[in-house]
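Biologist: Could you walk me through how to read helix packing and burial in a model? I'd like the general idea and then the case at hand.

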Amino acid sequence: MNDTVLAYVLKQMDYREHDAIITVFTKEYGKLSFVSRGVRKMTSKNASAVMPYTQSEILFDYKEHATMFQLKSARCKEYYRYMHEDMMASSAASVIAEIVDVFSLSEDSDQIYNMVGIAFDKLNNGYSSTLVVSLFLVDILRMAGLLPDVDACVVCGKQHVVTMSPKEGGFLCEDHATNIPYMKAEDLRRFRILCKAGIDKIDVVTKYIEENINDLQYLLDILYLHADIKLKTMKFYMHLNAL
């Protein structure tokens with residue numbers, strides 16, 4: 001039975017001489033993997049449609065409980081030209097794709113699919129790459145139950161807070177900020193706004209705060225410490241950001 005789905009291509013891995021294994025994310029089935037025959041040949045009609053960080057329409061035979069499928073054909077629906085041509089935007093897209101690949105939550109596939117679409121669209125339209133990645137990561141951490149507590153001290157509940165601790169999982173008051181540098185009030189406020197929002201609120205968020213790489217680092221530290229997940233693509237993104 002032929003099934004057609006819209007999918008975001010997360011990654012492509014060489015397989016045999018002319019083939020490739022394609023990992024995508026769909027609204028209906030979550031993450032799927034395909035063998036794409038002959039896609040690395042110059043004459044392949046599917047080559048452009050299975051490039052990472054594109055949205056494509058994929059034809060295949062879905063079989064329940066299968067872990068790998070044969071890709072029959074693919075047609076590119078959205079290439080995101082600017083995102084692919086801009087190095088920072090493209091690097092941010094690779095980070096988002098890896099987050100979905102290693103942290104996809106099958107029960108939230110519909111929401112994650114929409115989140116990827118918003119993130120790629122914003123990157124393609126020149127939005128701050130760090131803000132896009134940060135807000136995307138906020139949503140993923142929220143789904144996983146790992147979003148930091150930014151309402152009060154995570155230890156005692158005091159409202160007056162002085163810093164943020166990824167290890168403790170949220171804000172800390174001065175009584176519990178042992179050996180942790182204090183943060184400026186505006187930095188605490190900005191991080192709180194970030195954590196209260198999400199990628200779908202990016203247009204509102206940009207009216208109140210600007211990107212800050214430290215905010216992204218706090219979120220990454222939470223991911224590393226509490227989910228034991230490290231993102232390979234983040235090293236290059238941080239390198240670009242430092243240039």
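Modeller: Gladly! Angles under 35 degrees count as roughly parallel, over 145 as roughly antiparallel, 65 to 115 as roughly perpendicular and the rest as oblique, and here α2 and α4 are therefore roughly parallel to each other. Their axes cross at roughly 10° and come within 9 Å, with α2 spanning residues 87–103 and α4 residues 129–143. Axes are lines fitted to C-alpha atoms, for helices over the stretch in contact, and angles run from 0 to 180 degrees between N-to-C directions. Helices (H or I, at least four residues) and strands (E, at least two) are DSSP runs, numbered from the N terminus.

Biologist: Which residues of α2 and α4 make the contact?

Modeller: Contact means heavy atoms within 4.5 Å. From α2 come M88, A92, V95, I96, I99, V100 and F103, and from α4 S129, V132, V133, F136, L137 and I140.

Biologist: Is L219 buried or exposed?

Modeller: Buried means under 20% relative accessible area, exposed over 50%, partly exposed in between (1.4 Å probe, protein chains only). L219 has 0%, so this residue is buried. L219 sits in helix α7 (residues 213–227) and, beyond four places in sequence, touches S134, L137, V138, L141, F191, L194 and C195.

Biologist: And what should I keep in mind about the source?

Modeller: This is a predicted model: local features need pLDDT of at least 70, side-chain atom pairs count only at pLDDT 80 or more, and totals for chains, interfaces and linings use all residues. Residues are numbered from 1 along each chain as its sequence is written, and side-chain values use heavy atoms, leaving out hydrogens and water.
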